[in-house]
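Let's take a walk through this structure together. Have a look at it first, and then we'll go piece by piece.

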Amino acid sequence: MLVAQLARSGSAGRPPSPGVSAGVAALDRLPPATNVPQSVVQFVDFVAPQRGSDPKEALARIRRLRSSLGKTHADLYAFRSGTGAPCFILVGDVGACARSATDGTPGLQWTIGGGMPGNPSNLVAIASDDVAAVGLVIDGAPIPVSLVNNVAFAEYPATGRHAQITIARRDGTSGTVEIQLDPPGSAAAELRFQRSAKRRSR
Amino acid sequence: MLRRRLASVLVLAAMTAAASPQLASAWSQLYEQNVVWGPGSSKISATNSITYNYVSFANSHGGLPQMGTTLCNASATSCYTWHWSNTGLITDRRTISYGFAVCKANSGNNYLVYVRYCETGNG
């Protein structure tokens, strides 16, 4: 079992709500953001039309859910698309915009990995209202995860090879996701081969 | 005098554009679309200055397959660490001054993944 295996434990019998369909209250509770960075505007312009939203309306509804996250002190902005899915971007790093609120892991729409030379990798996720805590284990070592305003965030060394995310729900049930992280060294070797093959075929 | 100065400005602008045709205006490349990938499949873009990479995908064959994005330098001797997700559209907002973008199906996927598109660019 390497990837995308979801396990439930301690369930009272009712399956968990799919994706983040249990709601993301911070997108309603917090005030709309002003002075949004240009890179966020570009993100909204690109993804909003693909998710049934007018970019201008999406920008008017965008919220800054977290500020000064991690080593790069990046801000996280999010809006609810026309399909009901939260679309989010961590400035200068990563963004995601699911097709619908029901997509993905029950309780969590996430990205994991990334980082730059000198900067760690991270877990960035939108958690639904029924999630009480998010756990992260990298190569067997637990990593602290903060969960504030429906955003889960953690940093870990970019050398990590295997991640396990645990989603603990308020009803006492939980789920896990396994991710094979592929360290950057292996990617470079594989892609050098692919690149030389591409050149040979020209 | 004014006309001569205007002409020299136009000549300078034309020379600059000719010297760096790829950087003079925003560039983008749709380097993969509408394919079904098994575990570990990947595709690389052309080389340029890169400020974004979008990867759009769906779990049309079931499960929750994961897709990743990264950027590498032009000689492919160094790549950033992969970003992974199992939901629809992800975007890599890291930048590289001269290199290429990659999208990839996670090697550990247990299901095929439908790749709508991989698109990179700058500007």
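How many helices and strands are there in chain B? Chain B has one helix and nine strands, where helices (H or I, at least four residues) and strands (E, at least two) are DSSP runs numbered from the N terminus. Along the sequence, the pattern reads α-β-β-β-β-β-β-β-β-β.

A quick word on ground rules: this is a predicted model, in which local features need pLDDT of at least 70 and side-chain atom pairs count only at pLDDT 80 or more, while totals for chains, interfaces and linings use all residues. Residues are numbered from 1 along each chain as its sequence is written, and chains are lettered from A and ligands numbered from 1 in the order in which they are written.

Now for the sheet that brings chains A and B together. Eight strands form an open sheet with antiparallel pairing, in the order β1(A)-β2(A)-β3(A)-β4(A)-β7(B)-β4(B)-β9(B)-β1(B); strands pair if DSSP finds at least two bridges between them. At the edges sit β1 (63-69) of chain A and β1 (28-37) of chain B, each pairing on one side only.

Zoom in on chain B, and you'll find β4 (residues 52-58) and β7 (residues 89-92) in antiparallel pairing over four bridges. B:Tyr54, for one, has B:Thr91 in β7(B) as its bridge partner.

And how buried is chain B? Of its 123 residues, 46% count as buried, meaning that 20 or more other C-beta atoms, placed from the backbone, lie within 10 Å of the residue's own.

Key: A residue is buried if 20 or more other C-beta atoms lie within 10 Å of its own, exposed if 12 or fewer, and partly exposed in between; C-beta atoms are placed from the backbone.
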